[in-house]
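Student: I have a model open and some questions about it. Can we go through it step by step?

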Amino acid sequence: MDDPVLKKLSFIMGPVEAPKFIDATCRDLGLRGLSGPQERMLFGCALIQRGGILEAVGRAIKIQAILHGASEP
Amino acid sequence: MLELTYDYATCVRNSEKVAWRVDEVMPTSARLDFSRPFLPSGLTGSDKVPFLSPAEQLLLNHINGHAYINLFAFVEEYIVATAVNHAQAEMFGDHSAIRALVRFAEEEIKHQELFWRYLAAFERDFKHPCQVLGSAAAVAQVILSKSPMAVMMVTLHLEIMTQAHYTESIGPDSNVDPLFARLLKHHWIEECQHAKIDALELEKMLAVSGPEQVKKAFSDYLELIDAFDGLLDQQAAMDCDSLSGALARIFDADERAQIVQAQHQGYRRTFLVSGMVNKSFVKVLKGMDADGAASVAQKAKSLA
């Protein structure tokens with residue numbers, strides 16, 4: 001599992017729910033996928049807004065995206 | 001790619017084997033031996049000022065040793081922030097990486113505590129005030145404003161060179177203060193795991209980076225080297241002032257220029273060139289980008 005977002009979300013919601021959650025969230029954000037760091041940054045920011053465990057995961061995704069070259073939206 | 005032969009779990013295992021406590025390395029009762037030099041000849045400019053007497057050179061060596069420790073305490077500030085940042089990026093993902101990075105951050109904070117204890121002991125017994133660079137947070141801000149890959153390159157540079165600093169201090173003819181040598185040794189044995197973690201982090205960043213990002217990382221790295229060189233020049237001038245105060249002697253312009261130049265050259269060799277030409281560091285740079293590695297080699301030559 002090379003996709004870092006899928007790996008994190010699979011850890012907290014399981015391998016079946018995680019891809020569905022990613023697809024649904026990407027649709028809401030108008031993203032085609034999470035192939036680049038900038039997309040992952042937007043995805044992470046959206047999760048931060050949701051609070052709770054998703055906020056924590058979103059922060060990790062956002063910081064990882066920045067380390068991989070994304071800039072703040 | 002970097003073709004690394006270790007992983008995060010190995011780094012944690014090795015780190016557990018060599019871990020030490022601050023009280024073991026430097027008990028609060030420890031005294032520095034001011035009859036001996038603190039820094040070996042290869043790490044100081046203090047013995048390159050011919051008009052100073054041996055006793056005055058020894059005094060400058062002590063001032064130099066104090067600044068050396070302060071500079072390390074100084075850079076650990078941004079390294080802690082970097083390690084914590086990289087650990088947070090791995091949350092809910094690679095637990096071996098999280099453990100290695102959190103341990104890395106904890107050890108760096110421990111090194112700061114060791115260095116602060118050493119500086120306090122120095123200041124207690126040296127009897128003369130020594131000027132040192134003061135704003136670690138401002139320097140951390142400059143470093144952390146660069147691309148994350150460049151920040152990790154500088155971190156690897158700083159950590160990988162500590163081995164050379166230790167081996168310099170324990171040569172057969174070394175007469176340095178045993179406490180200072182012990183400090184260099186214990187710093188190095190943990191930093192060598194940190195250097196491996198830096199390389200692992202760099203490899204992950206490289207895997208998702210294009211040639212432009214790598215090129216930018218090299219350019220940012222060289223800018224940080226220049227910025228660091230400016231700080232070292234400031235420290236060299238402060239060392240001259242500290243020596244002047246300790247000896248109650250005013251140096252004329254020519255003497256002052258000689259002291260500052262020798263100190264600056266010593267700092268460059270210790271903090272910049274010894275990292276830039278380190279074989280392990282050069283190997284990582286070549287794995288990142290051959291042209292970038294060549295530009296670093298060129299820069300090292302110009303600073304040597």
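Tutor: Start with a cut-off: a residue is buried when its relative accessible area is under 20%, exposed when over 50%, and partly exposed in between. Keep in mind that this is a predicted model.

Student: Is B:Tyr267 buried or exposed?
Tutor: The cut-off for buried is under 20%. B:Tyr267 has a relative accessible area of 2%. Therefore B:Tyr267 is buried.

Student: B:Tyr267 and B:Phe271 form an aromatic pair; what kind is it?
Tutor: Both residues lie in helix H9 of chain B, four residues apart, so about one helical turn separates them. B:Phe271 is buried at 2% relative accessibility. The ring centres are 6.4 Å apart and the planes make 40 degrees. The pair is tilted.

Student: And what kind of aromatic pair do B:Phe122 and B:Phe126 form?
Tutor: These two sit in helix H4 (residues 95–126) of chain B, again four residues apart. B:Phe122 is buried at 0% relative accessibility, and B:Phe126 is buried at 5%. Planes under 30 degrees apart count as stacked. With 25 degrees between the planes and 4.7 Å centre to centre, this pair is stacked.

Student: Which residue is linked with B:Glu113 and B:Arg117 in a network of salt bridges?
Tutor: B:Arg117 and B:Glu113 meet in a salt bridge at 4.0 Å, N to O. Both lie in helix H4 of chain B, about one turn apart. B:Arg117 is buried at 19%, and B:Glu113 is partly exposed at 41%. The network also includes B:Asp23.

Student: Now the contact between the chains. What area is buried between chain B and chain A?
Tutor: On each side, 15 residues are in contact with the other chain. Carbon and sulfur atoms give 65% of the buried area. In chain B, B:Gln88, B:Ala89 and B:Phe92 lose the most area, together 45% of what that side buries. The total is about 1300 Å².

Student: How many salt bridges and how many residue pairs in polar contact are there between chain B and chain A?
Tutor: The salt-bridge count between these chains is zero. Polar contact is a separate count, taken with both residues at pLDDT 80 or more. That count is four residue pairs.

Student: Which helix gives the largest share of the side of chain B that touches chain A?
Tutor: Helix H3 (54–89) and helix H7 (178–207) of chain B each supply at least two residues. The largest share is four residues. That share comes from H3(B).

Technical notes. Residues are numbered from 1 along each chain as its sequence is written. Chains are lettered from A and ligands numbered from 1 in the order in which they are written. This is a predicted model: local features need pLDDT of at least 70, side-chain atom pairs count only at pLDDT 80 or more; totals for chains, interfaces and linings use all residues. Side-chain values use heavy atoms; hydrogens and water are left out. Contact means heavy atoms within 4.5 Å. Buried area is the accessible area (1.4 Å probe) that two parts lose on being put together, summed over both. A salt bridge is a side-chain nitrogen of Lys or Arg within 4 Å of a carboxyl oxygen of Asp or Glu. A polar contact is a pair of N or O atoms within 3.5 Å; within protein, one must be able to donate a hydrogen and the other to accept it, and residues adjacent in sequence count only if both atoms are side-chain atoms. Rings of Phe, Tyr and Trp (its six-membered ring) pair if their centres lie within 6.5 Å; planes under 30 degrees apart count as stacked, over 60 as edge-to-face and the rest as tilted. Buried means under 20% relative accessible area, exposed over 50%, partly exposed in between (1.4 Å probe, protein chains only).
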